Amino acid sequence: MALVNEEFLKLPGSYLFSDIAKKVNTFKITHPKEDVIRLGIGDVTRPLPAASIEAMHKAVNDMTSKRTFHGYGPEQGYSFLISTIIKNDYQPRGIHLTPTEVFINDGAKSDTGNIGDILSRDNCIGVTDPIYPVYIDSNVMGGRAGVLEKSGKWSNITYMPCRGENNFIPAIPEKQIDIIYLCYPNNPTGTTLTKAELKKWVDYAIKNNAIIMFDSAYEAYIQEDDVPHSIYEIKGAQKCAIEFRSFSKTAGFTGVRCGYTVVPKEVMATTLSGEKVSLNALWNRRQCTKFNGASYISQRGAEAIYTPEGKKEIKETIDYYMGNASVMKESLEAIGLQVYGGVNAPYVWIKTPDNTSSWKFFDQLLYECYVVTTPGVGFGPSGEGYIRLSAFGTREDTIEAMHRIQNKLL
Ligand code: PLP
């Protein structure tokens with residue numbers, strides 16, 4: 001008799017985006033003439049950099065001849081991309097990585113979700129709240145979450161609230177945690193941590209033999225100097241942190257699929273008998289069994305974003321999205337709303353006026369302004385009382401949406 005992994009049965013449906021879609025569809029049926037602007041999307045909308053397109057065309061041509069054809073590549077990724085990443089993303093920041101510490105993947109979602117494969121079920125997990133849902137759901141699947149309580153929290157997960165009241169800076173919890181998920185710049189709040197704040201977590205992890213899962217998928221959006229791009233800018237982090245990066249938001253690769261994970265050799269976890277084991281070796285073993293590499297074509301496309309043309313093109317696109325973020329931030333602050341994020345991240349996080357619930361404010365913006373947002377509570381209990389706006393739309397739509405909101409809410 002085949003038995004199911006019952007941990008999966010504990011997961012509630014992923015209702016957030018389908019609930020939003022249902023509400024928008026109902027609105028469109030009852031208001032067929034209104035032009036709806038979607039600022040809820042977390043996907044990029046602008047085309048790939050020309051440098052990547054050219055490199056991928058060339059890579060396709062490579063496949064046409066026996067001499068340059070590429071079949072299965074290394075599970076860890078091609079050395080041409082790994083060395084380019086180390087040279088461009090780490091060396092200039094004084095971070096020394098060896099090629100076997102960088103694993104190319106098909107995007108950060110897979111690895112942030114799969115990294116739990118190499119960790120015991122018995123670890124205590126800590127997450128900032130609100131949060132990118134993959135960290136929690138993958139730990140539910142791995143049997144580490146306990147049961148879902150009425151509060152919307154899992155009984156065995158430690159939630160570290162990030163709200164306006166604490167300036168979105170998570171406090172070190174009293175209960176010891178073994179695996180800490182940090183995402184900076186943050187999705188959904190768009191906020192960041194300074195080096196000094198991040199150092200507290202690195203110190204905690206080293207002192208408690210804990211591991212930090214650092215998701216920096218939005219690193220390319222950082223504009224301010226004191227915001228770390230990599231956790232390895234903090235002394236000691238190479239002993240306790242795994243870093244996830246992605247070309248999705250950096251270079252429009254959401255549909256192409258390519259990213260990478262850094263697992264330094266010094267990061268150790270302990271067996272029940274007290275033996276220290278390198279997670280780099282285990283992750284390599286895991287990848288060689290379960291992953292057959294990102295495609296040669298995607299990796300050539302990713303390599304091209306590090307050329308002078310590629311760098312210029314991705315900067316233009318990021319500047320465009322960050323221009324949208326500024327428009328949103330300034331327009332909403334001008335009508336007295338409390339606005340967070342939007343400075344080092346493509347997300348703007350807004351406190352709902354008069355403590356309105358996230359969903360009520362979502363409905364108000366949909367029905368009065370025809371603007372679709374994302375209710376903050378969908379990202380976790382501490383997201384209640386906030387909504388998220390995305391900067392990934394067009395400038396025209398962003399400006400128009402802000403006019404509508406200003407006219408209705410002023
Ligand atoms: N991490 C965060 C915080 C994200 O917001 C996303 C996507 O929205 C991802 C990871 C996954 O990105 P991808 O799998 O496209 O690299």
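Reader: Which strand order does the open sheet of 7 strands have?

Author: The order is 2-8-7-6-5-3-4, and the pairing is mixed. Strands here are DSSP runs of E, at least two residues long, and helices are runs of H or I, at least four, numbered from the N terminus. Two strands pair if DSSP finds at least two bridges between them. The model is predicted: local features need pLDDT of at least 70 and side-chain atom pairs count only at pLDDT 80 or more, while totals for chains, interfaces and linings use all residues. Residues are numbered from 1 along each chain as its sequence is written, and side-chain values use heavy atoms, with hydrogens and water left out.

Reader: Which strands stand at the edges?

Author: Strand 2 (102-105) and strand 4 (157-161) do; each has a single partner strand, so one side of each lacks a neighbour in the sheet.

Reader: How many bridges join strand 3 to strand 4?

Author: Strand 3 (residues 125-129) runs parallel to strand 4, with 5 bridges joining them. Within this pair, Gly126 stands opposite Thr158.

Reader: Happy with that! Now the cysteines: how many disulfides does the count come to?

Author: In general, a disulfide is a covalent bond between the sulfur atoms of two cysteines. The rule asks for a pair of cysteine sulfur atoms within 2.5 Å, and the count comes to 0.

Reader: Is Cys240 buried or exposed?

Author: Buried means under 20% relative accessible area, exposed over 50%, and partly exposed in between (1.4 Å probe, protein chains only). Cys240 is buried, at 1%, and Cys288 is partly exposed, at 30%.
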